[in-house]
Amino acid sequence: MSDKALVEVCDLRVYFGGRKNPLRAVDGVSLSVCHGETLGLVGESGCGKSTLGRAILRLEEPCSGTIRFCGKDVASLGGAGLQDFRRKAQMVFQDPFGSLNPRITVGGAIEEVLRVHMRKMNAQARRVRATGLFEAVGLDPAYLDRYPHEFSGGQRQRIGIARALAVEPQLLIADEPVSALDVSVQVQILNLLKDLKTQMNLSYIFVAHDLAVVRYVSDRVMVMYLGRIVESAPAGVLYGAPAHPYTEALLAAVPDVERGLRARTEGRRRATLQGDLPSATRIIPGCPFHPRCPRVRDRCRVEVPALRDVAPGRQSACHFAETLLGGS
């Protein structure tokens, strides 16, 4: 494990269902997150990115593979060890209303986390801590005794972030944290997360299907398809020159008026995805993406491409990544 790595995942697999024909939600994923880094996980709904995030926290139990946090094997933890790990690694959920108990005040929700993880802290100290967290996420501490239904979606997500930060974690896994919010509110939450990262020396795994959102917050991006990583690169590099046809198609799907007009003027067609994401129970021979790939060749139908280095700092699981990078 690298000295700089906070989290390291190796060949992680999460399957659901029976042994005969399981749903391969996460199928052999390896990744690492360094201290102070934001890793973006992007892909269509159903690609396995949320399951991967939950498995890293052991909210879903992996079938195989290893997860190491600060050098310790997370899979072997139990009891006090697992509780200590979950204090250091927290999750911000997609649905801020569903993640809050409607019968508990929002201040009580934060204080409950402190009672579980910081048992020596008395009631007064817990209240002071909750007040400080509300201020840190841009909310008025006078609202601590209100209930979740009394807040807007953006405010509830701020509350969810405050609760995740209550125990001073090192890692936040943000699972589609802005997808349910209005666009104007999305920007506010993204800016808040960026500011908190600097202020509190946090590392993020940021899960999203919106490439524009992922680009805004991420240092490095990994693209998932059917439970596998198909491309990995620094954010600026990946968006400038994708090395996998799936990434290329995802980028082409992002609305961009200037790019669309330029392509029409030059007589070019966008790389578009055909059909829906296949079931993760289906075994596809060759490259899993080949049934939808606009650049498919005979080799793609019979040979599974390995995730390999195709340029300094970037990887691709495409047989013809170098050709794609060359602009052909």
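1. On a 1 Å grid over the protein atoms alone, a cavity is a set of points where a 1.4 Å probe fits but cannot get out, and its lining residues have an atom within 4 Å of a point. Grid points are joined across faces, edges and corners, and a volume is the space filled by probe spheres set on the points. By this rule there is 1 cavity of 30 Å³ or more, and the largest cavity holds about 30 Å³ of space.

2. The model under review is predicted: local features need pLDDT of at least 70, side-chain atom pairs count only at pLDDT 80 or more, and totals for chains, interfaces and linings use all residues. Residues are numbered from 1 along each chain as its sequence is written, and side-chain values use heavy atoms, with hydrogens and water left out.

3. Met91, Val92, Phe93, Pro96, Ser99, Gln157, Gly160 and Arg163 line the largest cavity. Two or more residues of this lining come from each of β6 (89–92) and α5 (153–165); helices (H or I, at least four residues) and strands (E, at least two) are DSSP runs numbered from the N terminus. The largest share, 3 residues, is given by α5. The lining comprises 4 nonpolar, 3 polar and 1 charged residues, where Ala, Val, Leu, Ile, Met, Phe, Trp, Tyr, Cys and Pro count as nonpolar, Asp, Glu, Lys and Arg as charged, and the others, Gly among them, as polar.

4. An open sheet is formed by 4 strands in the order β2-β1-β4-β5, with antiparallel pairing; two strands pair if DSSP finds at least two bridges between them. Because β2 (23–34) and β5 (72–73) stand at the edges with a single partner strand each, one side of each has no neighbour in the sheet. Strand β1 (residues 5–16) is joined to β2 by 9 bridges, and Phe16 has Leu23 in β2 as its bridge partner.

5. Is Ser218 buried or exposed? Its relative accessibility is 9%, so Ser218 counts as buried; buried means under 20% relative accessible area, exposed over 50% and partly exposed in between (1.4 Å probe, protein chains only). Ser218 belongs to the loop between α7 (211–217) and β9 (220–225).

6. Leaving aside residues up to four places away in sequence, Ser218 touches Thr38, Leu39, Gly40 and Ala235, contact meaning heavy atoms within 4.5 Å. A polar atom of the Ser218 side chain lies 2.8 Å from the backbone oxygen of Val214. The backbone nitrogen of Gly40 lies 3.5 Å from a polar atom of that Ser218 side chain.

Conventions
A polar contact is a pair of N or O atoms within 3.5 Å; within protein, one must be able to donate a hydrogen and the other to accept it, and residues adjacent in sequence count only if both atoms are side-chain atoms. On a 1 Å grid over the protein atoms alone, a cavity is a set of points where a 1.4 Å probe fits but cannot get out, and a pocket is an open set with protein on both sides within 12 Å along at least five of seven lines; lining residues have an atom within 4 Å of a point.
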